[in-house]
Amino acid sequence: MTPFAWAALVSLYLVWGSTYLAIRVAVETLPPFLMAGVRFVIAGAVLGLACLVFDRSAIRWPTRRELLDIAIVGGFLLVGGNGLVAWGEQTLPSGIAALLVGLTPVSMVLVAWLAFRERQSRIVWLGVLVGFVGVAVLAAPDPSGGFDGAGLAAVVAAELSWAIGSVYASRHESDVSPGLLGTAIEMGIAGVLLLVVGAAIGEVGAVSAPSFDSIAATAYLIVVGSLVGYTAYAWLIRNAPLPVVSTYAYVNPVVAVLLGAALLSEPIGPRTLLAGALIVVAVAMIITARGRANRSVPEAVDGPADARTAIERAA
């Protein structure tokens with residue numbers, strides 16, 4: 001890899017690892033679904049405009065079927081996924097949310113097996129088991145004070161929603177403008193749906209006087225988390241080895257935990273360290289094992305197709 005590619009990868013580690021902290025700050029005074037809706041409507045509009053201005057010749061507008069697929073994937077990844085993470089982070093530390101979301105590759109294995117009977121190696125199943133143990137460590141009752149049950153449930157549901165959307169997207173890949181226009185449309189549709197959900201559950205009435213920190217965190221999520229992060233990822237999956245790029249999946253939670261501790265004084269106790277280590281090991285086992293299987297089986301789903309779905313799975 002070139003020095004520029006390494007720089008882009010390190011920036012991706014930092015950018016997507018920091019989004020969990022930004023979400024935690026944003027939902028301190030902003031309703032979670034409305035905040036996420038504003039984020040993706042604006043980011044989608046800016047990204048779509050950039051595609052029209054700078055890459056008009058490469059644009060192929062989606063068909064009705066592709067628009068339906070984009071809406072379905074956006075519903076699972078950004079509405080069910082990102083929206084529930086934002087809701088859960090109202091009571092859950094950002095680092096814990098990041099660790100749980102990091103389990104998405106584990107849930108993808110389960111979803112693919114349940115829905116399509118996709119066969120996996122023993123190493124992959126061992127990784128699934130290790131991941132479940134990590135979640136059990138986080139969710140176990142703690143006399144000294146554990147994590148909020150509703151917050152944990154919301155983020156676990158978000159992670160499962162991401163997994164379902166990711167598996168669906170990997171089997172309904174679209175070639176819309178190579179990925180970025182499709183992503184822009186997806187963010188726009190999901191953003192509108194998030195606003196509708198927020199209004200339906202009464203979040204409009206909860207908007208009063210958002211703090212400067214919450215507004216700044218939302219702006220950070222729009223500009224850095226969405227636009228910079230997504231563009232860097234789209235460039236990396238076309239210019240760097242996919243196994244190296246996929247390491248973001250288990251580096252981001254570590255970055256999120258460290259940032260939460262450093263900037264928000266979130267505690268890192270033995271329980272968090274143990275659960276974090278188990279989850280990172282589980283994800284590393286699954287990604288490594290599946291990468292080897294894809295290289296050894298030419299008929300397997302192409303790596304970049306799976307990587308395309310990971311763009312929207314970032315927080």
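Helices are taken here as DSSP runs of at least four residues, numbered from the N terminus, and in these terms Ser-265 lies in the loop between α11 (248–264) and α12. The model described is a predicted one. In this model Ser-265 has a positive phi of about 55 degrees although it is not a glycine, and its relative accessible area is 61%, so the residue counts as exposed, the cut-off being over 50%.

The protein chain as a whole contains 13 helices and zero strands, so that a reading along the sequence gives the pattern α-α-α-α-α-α-α-α-α-α-α-α-α. When contacts between residues at least 6 apart in sequence are considered, 91% of them join residues at least 24 apart.

Helix α7 (residues 149–170) takes part in two of the helix pairings described here, with α3 and with α4. The axes of α3 (residues 64–88) and α7 come within 7 Å and cross at roughly 160 degrees; because this angle is over 145 degrees, α3 counts as roughly antiparallel to α7. The crossing in which α3 passes α7 is left-handed. For α4 (residues 94–101) and α7, the axes come within 9 Å and the crossing angle is roughly 35 degrees, with a right-handed crossing. On the α4 side this contact is made by Ile-96, Ala-97, Leu-100 and Val-101, and on the α7 side by Leu-152, Val-155, Val-156, Glu-159 and Trp-162. Residues three or four places apart in an α-helix point the same way, because the helix has 3.6 residues a turn.

Helix α4 is mostly covered, with eight of its eight residues buried; among them are Ser-94, Gly-95 and Ala-98, as well as Ile-96, Ala-97, Leu-100 and Val-101, the residues through which α4 makes its contact with α7. Thr-272 itself is found in helix α12 (residues 270–296), and its relative accessible area of 8% is under 20%, so Thr-272 is classed as buried.

Arg-117 has a positive phi of about 55 degrees although it is not a glycine, and with a relative accessible area of 55% Arg-117 is exposed. Arg-119 also counts as exposed, at 78% relative accessibility, and its C-alpha atom is separated by 9.1 Å from that of Val-109, which is 10 residues away along the chain. Gln-120, by contrast, has a relative accessible area of 18% and is therefore buried, the limit being under 20%. The side chain of Gln-120 makes a polar contact of 2.7 Å with the side chain of Glu-118. Beyond neighbours within four places in sequence, Gln-120 is in contact with Val-109, Trp-125 and Arg-290.

Technical notes:
Residues are numbered from 1 along each chain as its sequence is written. This is a predicted model: local features need pLDDT of at least 70, side-chain atom pairs count only at pLDDT 80 or more; totals for chains, interfaces and linings use all residues. Side-chain values use heavy atoms; hydrogens and water are left out. Buried means under 20% relative accessible area, exposed over 50%, partly exposed in between (1.4 Å probe, protein chains only). Contact means heavy atoms within 4.5 Å. A polar contact is a pair of N or O atoms within 3.5 Å; within protein, one must be able to donate a hydrogen and the other to accept it, and residues adjacent in sequence count only if both atoms are side-chain atoms. Axes are lines fitted to C-alpha atoms, for helices over the stretch in contact, and angles run from 0 to 180 degrees between N-to-C directions. Angles under 35 degrees count as roughly parallel, over 145 as roughly antiparallel, 65 to 115 as roughly perpendicular and the rest as oblique. A crossing is left-handed if the near helix is turned anticlockwise from the far one by less than a right angle, and right-handed if clockwise.
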